[in-house]
Amino acid sequence: MKNKSDLRQELESINRRGYPAYKSLRGQYDFGDFVLSIDHVQGDPFASPSNLSVEIPMRRTGFPELYWKEDYARVALEDCILRRFSDALSKNSFKAKGSGKSGLLATSRPGQEILHRSALVIAKGKLTARFEAGFPANGRTINAYELEKMLFDFLPPAVIQSLYYKNWKKEILQKNYELSVDQHFIREELPKRKLVAFLSEGSILPRMSGVSSKPLRDAVPLSVPESLKVELDLPFHGKMSGMGIPQGVTLIIGGGYHGKSTLLQALEQGVYNHIAGDGREYALTEDTALKLRAEDGRSVRNLDLSLFIHNLPNGKDTKCFSTADASGSTSQAAAVMEGIEAGSHTFLIDEDTSATNFLVRDEFMQKIVHGDKEPITPFCARVRDLYDQAGISTVLVAGSSGAFFHMADTVIQMDAYRPFDVRGKVERFLPEYPLPAFEADKFQLPEGERIFWGKSVGQGTAYSRGPGKDYAKNGRRGDDRSGIEGSENRHRTENRGREERIKTKVMSTDGFSLNHDMVDLRYVEQIIDSEQTAALAKMMKYLLTHLSGRTTVDRLAKMLAHQIEQDGLEPFMDGYGYCGLAMPRIQEIYAMLNRLRGSDPGKKG
């Protein structure tokens with residue numbers, strides 16, 4: 001391995017040469033306190049910045065093993081260190097001068113949520129910190145002395161101050177560790193106490209604005225109805241009381257602007273841990289909870305919707321339903337079935353973003369449009385069965401229809417951001433407003449697994465190309481076992497060519513494109529960071545370049561999850577240190593697979 005003196009000499013030798021000469025710097029250099037790796041060099045000063053990383057053995061960093069031994073504590077420590085490293089780099093960003101992106105020094109800047117990110121990883125006995133640097137140039141002529149300042153004057157202090165335990169205030173890391181332990185304890189308590197969520201008394205749920213997830217100043221702290229109060233004895237915080245949302249069917253009601261959607265949003269984002277001071281650090285939801293909404297125009301492929309949609313006037317089979325342009329009700333029915341497939345135990349629904357005819361049909365409408373003329377079985381007719389027979393809870397915000405009162409186990413009224421348990425009041429009125437009878441077939445979940453197939457992305461890309469022999473009747477897998485397993489060895493050279501042909505572009509949290517094909521994730525509302533979208537784009541590219549033969553959506557999602565469990569985000573980094581990926585949940589992986597448009601475009605559902 002070369003050392004930092006070798007790097008200085010290399011820089012001197014290429015000074016004032018054309019920009020491509022920077023590529024000779026690629027490799028590893030021993031700086032004594034760390035190893036610097038120049039992984040990818042940008043093509044010119046106006047292109048995407050170069051990718052670099054530093055690596056230090058964990059025994060040398062000095063961080064106590066207690067802080068990174070368990071996965072939940074390790075992710076919290078990674079997040080804490082990354083925030084400090086990011087701040088240290090940003091203080092010197094663009095202090096080196098030049099054209100284009102010259103002088104840039106940056107890495108991930110986490111928000112309020114704690115996510116595992118590729119920018120800082122503790123694994124295999126070492127700490128790796130990845131960052132971006134704009135290699136300086138005057139025009140397109142190398143200015144090596146400015147890069148020397150970046151790598152020798154600016155970078156080492158940022159590394160020493162951030163990545164070595166001796167330079168931290170010990171109480172900061174201890175409190176960070178204690179919070180991670182307490183959050184993990186609450187998550188383990190939820191199923192034991194048959195809760196889908198716990199929100200501590202005094203939590204600050206409102207956010208500053210639609211574009212800022214920081215807590216709103218002077219917000220009303222969360223109060224807790226006595227009937228919903230749950231007391232926990234946390235390992236470090238000690239006694240804590242909060243509002244428990246029980247398993248079953250929970251209805252959130254109240255007037256406009258009184259906090260219904262604010263509470264639901266806290267539950268949506270409670271699948272992630274939050275940093276101290278966020279106001280929601282002790283507002284936690286069981287981590288499979290899935291937000292469902294209508295999504296007009298999305299594609300649906302090979303999905304059994306017969307639980308909600310049947311007897312279509314065009315005779316189309318709803319046990320294997322495909323469309324390239326789903327209606328609101330069809331898309332929401334699809335979201336329910338896809339959520340079941342993804343293993344979600346809780347559905348979160350807001351009436352405001354739902355298809356009305358999917359949620360409920362009132363008695364008057366049933367008198368006019370008879371059941372044999374209506375192909376939609378409303379969610380209201382299935383919500384009890386989802387819990388009683390499938391163990392899937394629902395938390396639903398309602399502001400106009402009272403039909404769900406009959407199905408609810410818990411009714412929470414939000415009044416000026418304060419929750420009240422009004423189930424007793426509701427029960428007194430139920431006899432006066434009987435629920436209209438719904439005509440619904442027997443509740444039965446789909447059997448089998450869905451085939452993953454669609455149009456190719458990039459010349460030469462091969463993945464499931466349509467129905468096979470066992471697919472003819474219902475589009476679900478027989479005994480086919482082909483997929484990405486083993487294909488990497490068989491097609492290694494071909495895969496490299498495919499990767500080069502498939503270009504990805506990330507549009508914040510809205511989705512990404514693969515060449516000219518868009519994967520629209522605008523309505524997958526629990527993607528909260530653009531780096532999660534970037535990770536999903538890399539995962540999809542990985543699948544499309546490694547997939548061989550016909551396989552299923554479920555199998556692909558679980559294979560990706562297994563790959564992540566084994567190697568983290570490393571396999572999706574395109575062969576060099578990429579600092580801009582954050583871990584999505586498996587629910588978002590399923591959502592990505594379900595939104596890749598297939599080659600079987602049907603008509604509007």
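A residue counts as buried when its relative accessible area is under 20%, as exposed when that area is over 50%, and as partly exposed in between, with a 1.4 Å probe and protein chains only. By this criterion, 57% of the 605 residues of the protein chain are buried. The structure is a predicted model, in which local features need pLDDT of at least 70 and side-chain atom pairs count only at pLDDT 80 or more, while totals for chains, interfaces and linings use all residues. Residues are numbered from 1 along each chain as its sequence is written, and side-chain values use heavy atoms, with hydrogens and water left out.

The protein chain has 16 helices and 30 strands, taken as DSSP runs numbered from the N terminus (helices: H or I, at least four residues; strands: E, at least two). Of the contacts in the protein chain with a separation of 6 or more, 74% are accounted for by residues 24 or more positions apart, contact meaning heavy atoms within 4.5 Å.

Strand E2 (residues 27-30) runs antiparallel to strand E3 (residues 35-40), joined by four bridges, and Asp30 stands opposite Val35 in E3. The two strands form a hairpin with four residues between them, and in the turn Gly32 has a positive phi of about 90°. E3 also pairs with strand E4 (residues 50-57), again in the antiparallel sense, over five bridges; here the bridge partner of Val35 is Glu55 in E4. Another hairpin is formed by E12 and E13, with two residues between them. Strand E12 (residues 207-209) and strand E13 (residues 212-215) run antiparallel and are joined by two bridges, with Ser209 partnered by Ser212 of E13.

Turning to helix packing, helix H3 (residues 71-90) and helix H5 (residues 170-192) have axes that come within 9 Å and cross at roughly 140°. Axes are lines fitted to C-alpha atoms, for helices over the stretch in contact, and angles run from 0 to 180 degrees between N-to-C directions. H3 and H5 are therefore oblique to each other, given that angles under 35 degrees count as roughly parallel, over 145 as roughly antiparallel, 65 to 115 as roughly perpendicular and the rest as oblique. Their crossing is right-handed, the near helix being turned clockwise from the far one by less than a right angle. H3 contributes Tyr72, Ala73, Ala76, Leu77 and Cys80 to the contact, and H5 contributes Ile172, Leu173, Asn176, Tyr177, Ser180, Val181 and His184. By class, this contact has nine nonpolar, three polar and no charged residues (nonpolar: Ala, Val, Leu, Ile, Met, Phe, Trp, Tyr, Cys and Pro; charged: Asp, Glu, Lys and Arg; polar: the others, Gly among them).

E27 pairs with strand E28 (residues 511-514) over four bridges, and Met507 stands opposite Gly511 in E28.

Met539, Tyr542 and Leu543 of H14 meet Leu556, Leu560, Gln563 and Ile564 of H15, a contact with six nonpolar, one polar and no charged residues.

How values were computed: Two strands pair if DSSP finds at least two bridges between them.
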